[in-house]
Amino acid sequence: YFGGQSMTTFSAFIAESNFMDAPARSVDSIEVLGRNGNVHIDRNKYFNFVLRVRLYITENVRANVQALRNYLNNTHGYMRYQETLNANEYRMACFREAFVMDVSDAQHGVVTLEFDCMPQRFLTAGEQPISVTSTATLLNPTGREARPMIKAYGQGTAVINGVTVTVGGSDAVTVIDCELMTCSQSAVTFSGYDYPVLGAGSNVITVSGLTKAEITPRWWRL
């Protein structure tokens with residue numbers, strides 16, 4: 001599936017995919033005069049990942065290839081990519097416009113596609129919002145720090161792993177995106193001037209004053 005569209009619509013099925021491969025880590029390697037070896041500076045991030053997929057088209061090759069090409073070239077930006085063999089995970093992918101067609105015989109064809117993906121393999125389990133009205137513990141099933149989406153209802157505070165998020169302003173719903181580092185209103189402050197993250201293992205969340213806080217954890221792995 002890409003952008004909510006099943007490739008079976010185009011009679012296309014996966015022949016090969018590198019979905020499970022991992023991206024490269026961003027590390028600067030610096031040579032120092034008079035010193036053996038290099039100094040490595042870890043930027044604590046990962047590069048984008050190139051996903052290559054070979055699709056096997058089983059029927060009406062010409063018509064389905066054209067329809068598939070039209071669909072993909074009309075998509076823009078990151079969209080959800082998911083395979084039935086890895087149904088519990090998905091990537092955020094952007095079609096790279098590499099579309100290589102290899103007609104193997106008169107009835108069937110193989111199409112190679114490339115997608116530019118964010119480095120994470122997101123877990124579908126991390127898409128479900130968790131409602132917190134007082135105190136709760138969220139268990140991160142991966143070893144990766146997750147940057148959640150927070151919906152704060154009303155005014156008050158939410159303490160997440162020691163970081164206090166204070167929400168003032170109106171009594172409406174405030175959306176805090178810890179991945180993009182954005183808030184839907186300006187009357188939000190953070191202790192330590194940083195957005196909270198959900199680390200590996202247990203994460204304690206305490207809500208005070210707010211009607212509730214909805215935490216969408218966005219668990220991911222490499």
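**Entry 1: salt bridges**

I took a salt bridge to be a side-chain nitrogen of Lys or Arg within 4 Å of a carboxyl oxygen of Asp or Glu. The structure, a predicted model in which local features need pLDDT of at least 70, side-chain atom pairs count only at pLDDT 80 or more, and totals for chains, interfaces and linings use all residues, holds 10 salt bridges on this criterion. Residues are numbered from 1 along each chain as its sequence is written, and side-chain values use heavy atoms, with hydrogens and water left out.

I looked up Arg 52 and Glu 114, whose side chains form a salt bridge with an N to O distance of 3.1 Å. Arg 52 belongs to strand 4 (residues 49–57) and Glu 114 to strand 7 (residues 109–117), so that distant parts of the chain, 62 residues apart, are linked. For strands and helices I used DSSP runs, numbered from the N terminus (helices: H or I, at least four residues; strands: E, at least two).

I then found that Glu 114 has a salt bridge with Arg 96 as well, the closest N and O atoms lying 3.1 Å apart. Because Arg 96 lies in strand 6 (residues 89–103) and Glu 114 in strand 7, this pair ties together parts that are 18 residues apart in sequence.

I checked accessibility next, with buried meaning under 20% relative accessible area, exposed over 50% and partly exposed in between (1.4 Å probe, protein chains only). Glu 114 is buried at 18%, whereas Arg 52 is partly exposed at 44% and Arg 96 is partly exposed at 39%.

I also recorded the salt bridge between Arg 218 and Asp 177, at 2.9 Å from N to O. Arg 218 is in the loop between strand 18 (212–216) and strand 19 (220–221) and Asp 177 is in strand 14 (residues 173–177), so the pair joins parts 41 residues apart in sequence. Asp 177 is buried, with a relative accessible area of 7%.

**Entry 2: aromatic rings**

I counted rings of Phe, Tyr and Trp (its six-membered ring) as paired if their centres lie within 6.5 Å, with planes under 30 degrees apart stacked, over 60 edge-to-face and the rest tilted. The structure holds 7 aromatic pairs. One of them is the tilted pair of Phe 10 and Tyr 71, with 6.0 Å from centre to centre and 35° between the planes. Phe 10 sits in the segment before strand 1 (12–17) and Tyr 71 in helix 1 (residues 61–73), 61 residues apart. Phe 10 is buried at 7% relative accessibility, and Tyr 71 is buried at 19%.

I found a cluster in which ring pairs link Phe 2, Phe 19, Tyr 81, Phe 95 and Phe 115.

**Entry 3: charges over rings**

My criterion was NZ of Lys or CZ of Arg within 6 Å of the ring centre and within 35 degrees of the ring normal. Arg 91 lies over the face of Phe 49, 4.1 Å from the ring centre. The charged end of Lys 212 sits over the ring of Tyr 153, at 4.8 Å from its centre.

**Entry 4: Ser 11**

I located Ser 11 in the segment before strand 1. Ser 11 is buried, with a relative accessible area of 12%. Apart from neighbours within four places in sequence, Ser 11 is in contact (heavy atoms within 4.5 Å) with Tyr 56, Ile 57, Thr 58, Glu 59 and Asn 64.
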